[in-house]
Amino acid sequence: MVEIEVRELARGQLRQAAAVLGRGMRDNPINRAAFAADSGRRERVLTRFFRPAVHGLAGRGTVGGALREGRVVGVCGMAPPGRCHTTPGEKARILPTVVLGTPPGTTGRVVRWSNAWAQRDLAEPHWHLGPVAVDAGLQGLGIGTLMLTDFCARVDDRGAAAYLETDKPENVRFYERFGFAVIDEAEVLGVPNWFMRRPRM
């Protein structure tokens, strides 16, 4: 396998990051439920959605990434304590991507999903992990492991707890390898979701 470099992405790489997230998360159950479109259209909508989202996250946190021969192949979002929620300005930039060119009801579903996750956010100070994705076709090659190893080293250096949400049971098993444990479960848009915490190490 070609060597992978894990580091914080530059502003000029965030468009690539949005495309990786669109491809890598296209078939996630919650995205299928929220955007209710064929996979090709869903990928385009998600990529458009993630463009302002990753720029907003880069402004209040870190968008880490995995690079292969200079190309972004993985994305790992990290928001520091007290900065994990999108700001009103970010929401204003993201909203048109959900409203325009999507089937009726999409906006309502995305708002219900966002609210369900926000209501379960940890009260204690923590680093919020996500979004996390590896480019389609490159999953299962250890890229996610490299990004999570980097993330855990960062939070351990700061003596902080971490938190995430996921809608895939295989992700639960993956994150458990890094010390996360399920602290809550809920159905969101009819999809099982798991909420996971990693204690301070």
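Contact here means heavy atoms within 4.5 Å, while helices (H or I, at least four residues) and strands (E, at least two) are DSSP runs numbered from the N terminus. The model is predicted, with local features needing pLDDT of at least 70 and side-chain atom pairs counting only at pLDDT 80 or more, whereas totals for chains, interfaces and linings use all residues. Residues are numbered from 1 along each chain as its sequence is written, and side-chain values use heavy atoms, leaving out hydrogens and water.

**View 1. Helix α5 on the sheet.** Helix α5 (residues 106-119) lies across β5, β6 and β7, and runs at about 155 degrees to β6, where axes are lines fitted to C-alpha atoms, for helices over the stretch in contact, and angles run from 0 to 180 degrees between N-to-C directions.

**View 2. The salt bridge between R42 and D27.** These side chains meet at 3.2 Å, N to O, a salt bridge being a side-chain nitrogen of Lys or Arg within 4 Å of a carboxyl oxygen of Asp or Glu. Because R42 lies in helix α3 (residues 39-60) and D27 in the loop between α1 and α2, the pair ties together parts that are 15 residues apart in sequence. R42 is buried at a relative accessible area of 3%, and D27 is partly exposed at 37% (buried means under 20%, exposed over 50%, partly exposed in between, with a 1.4 Å probe and protein chains only).

**View 3. The salt bridge between R60 and E90.** The closest N and O atoms of R60 and E90 are 2.8 Å apart. R60 is buried at 8% relative accessibility, and E90 is buried with a relative accessible area of 4%.
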